[in-house]
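Here is a short briefing to read alongside the model. Take a moment with the fold, and then follow the points below.

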Amino acid sequence: MLKAIAVRRASEGGAQGKFVVGRAVLAHDERHLRRRTIELSDGARALVDLPVTVALEHGDALMTDCGGAIAIAAADEPLYEVVARDPLHLTQLAWHLGNRHLAADIAPGRILILRDHVIRAMLEGLGAQVNEIVASFHPVRGAYSSGHGGHEHGHEPHGHAHGHERHHHDHAHGHHDHHPD
């Protein structure tokens, strides 16, 4: 079995110029890893054994202990494309999504999120246009997800998916008014 021990970022050339020993097409939550087995496109498996948890991006490469590279590609996933009336509305929608700790791919004019009918209803209720699409998902990584120390949630697989995108809660603090003094 191949053993991946390091990461070469796309910005550093990824698998380019390296002996490519495999390719892995991974969903966004599968690209956040430290130690686990992944399946390659040809059905082979590789053990990823990195010193710290990393968030792999499309174009990155896992470097193997035998000197080869495993090219990483982002898988297409069922998503919602959230379109707002204007930039202010987009900012408000992003706030609501962030308040629910949802993974989001944010770009000018739209936000991509994983499909969830409850969140869709909320967004449409807020005046957003919500379109079903299938595309690769590149959510904004949190301030603590760099893998360079700091806060880790231990998102290693447990045999089931448990992404934060399923937590639906409001941070209600009761009704209170804010009046300037």
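Which residue in E10 does tyrosine 80 stand opposite? In E10, tyrosine 80 faces glutamate 132. This is a predicted model, in which local features need pLDDT of at least 70 and side-chain atom pairs count only at pLDDT 80 or more, while totals for chains, interfaces and linings use all residues. Residues are numbered from 1 along each chain as its sequence is written, and side-chain values use heavy atoms, with hydrogens and water left out.

**Overall make-up**

- The protein chain has two helices and 10 strands; helices (H or I, at least four residues) and strands (E, at least two) are DSSP runs, numbered from the N terminus.
- Starting at the N terminus, the order of elements is β-β-β-β-β-β-β-α-β-β-α-β.
- Of the 181 residues in the protein chain, 36% are buried, where buried means under 20% relative accessible area, exposed over 50% and partly exposed in between (1.4 Å probe, protein chains only).
- Among contacts (heavy atoms within 4.5 Å) with a separation of 6 or more, 68% join residues 24 or more positions apart.

**The four-stranded sheet**

- Four strands form an open sheet in the order E8-E9-E7-E10, with antiparallel pairing; two strands pair if DSSP finds at least two bridges between them.
- Strand E8 (105-107) and strand E10 (129-136) are at the edges with a single partner strand each, so one side of each has no neighbour in the sheet.
- From one strand to the next, the twist averages 25°; axes are lines fitted to C-alpha atoms, for helices over the stretch in contact, and angles run from 0 to 180 degrees between N-to-C directions.
- E7 and E10 are joined by eight bridges, and E7 and E9 by five.
- On the E9 side, tyrosine 80 has isoleucine 113 as its bridge partner.
- E8 is joined to strand E9 (residues 110-114) by three bridges, and aspartate 105 stands opposite leucine 112 in E9.

**Helices on the sheet**

- Helix H1 (residues 87-99) lies across strand E7 (76-83), E8 and E9, at about 20° to E9.
- Helix H2 (residues 117-125) also packs on the sheet, where it touches E7, E9 and E10 and makes about 135° with the direction of E10.

**Nonpolar cores**

- A nonpolar core is a set of buried Ala, Val, Leu, Ile, Met, Phe, Trp, Tyr and Cys residues joined through side-chain atoms within 4.5 Å.
- The largest one has 15 residues, and those with the most contacts inside it are Val82, Leu97, Ile111, Ile113, Ile119 and Leu123.
- E7, H1, E9 and H2 each contribute at least two residues to this core.
- Not counting residues up to four places away in sequence, the contacts of valine 82 include Leu90, Leu93, Ile111, Ile113 and Leu123.
- A second, separate core of 14 residues includes Ala4, Ala24, Leu26 and Ile72.

**A look at leucine 62**

- Leucine 62 sits in strand E5 (residues 61-64) and counts as buried because its relative accessibility is 0%.
- Leaving aside neighbours within four places in sequence, leucine 62 has contacts that include Ala4, Ile38, Val48, Leu50 and Ile72.
- Lysine 3 is 59 residues from leucine 62 in sequence, and the two are 9.1 Å apart in space, C-alpha to C-alpha.
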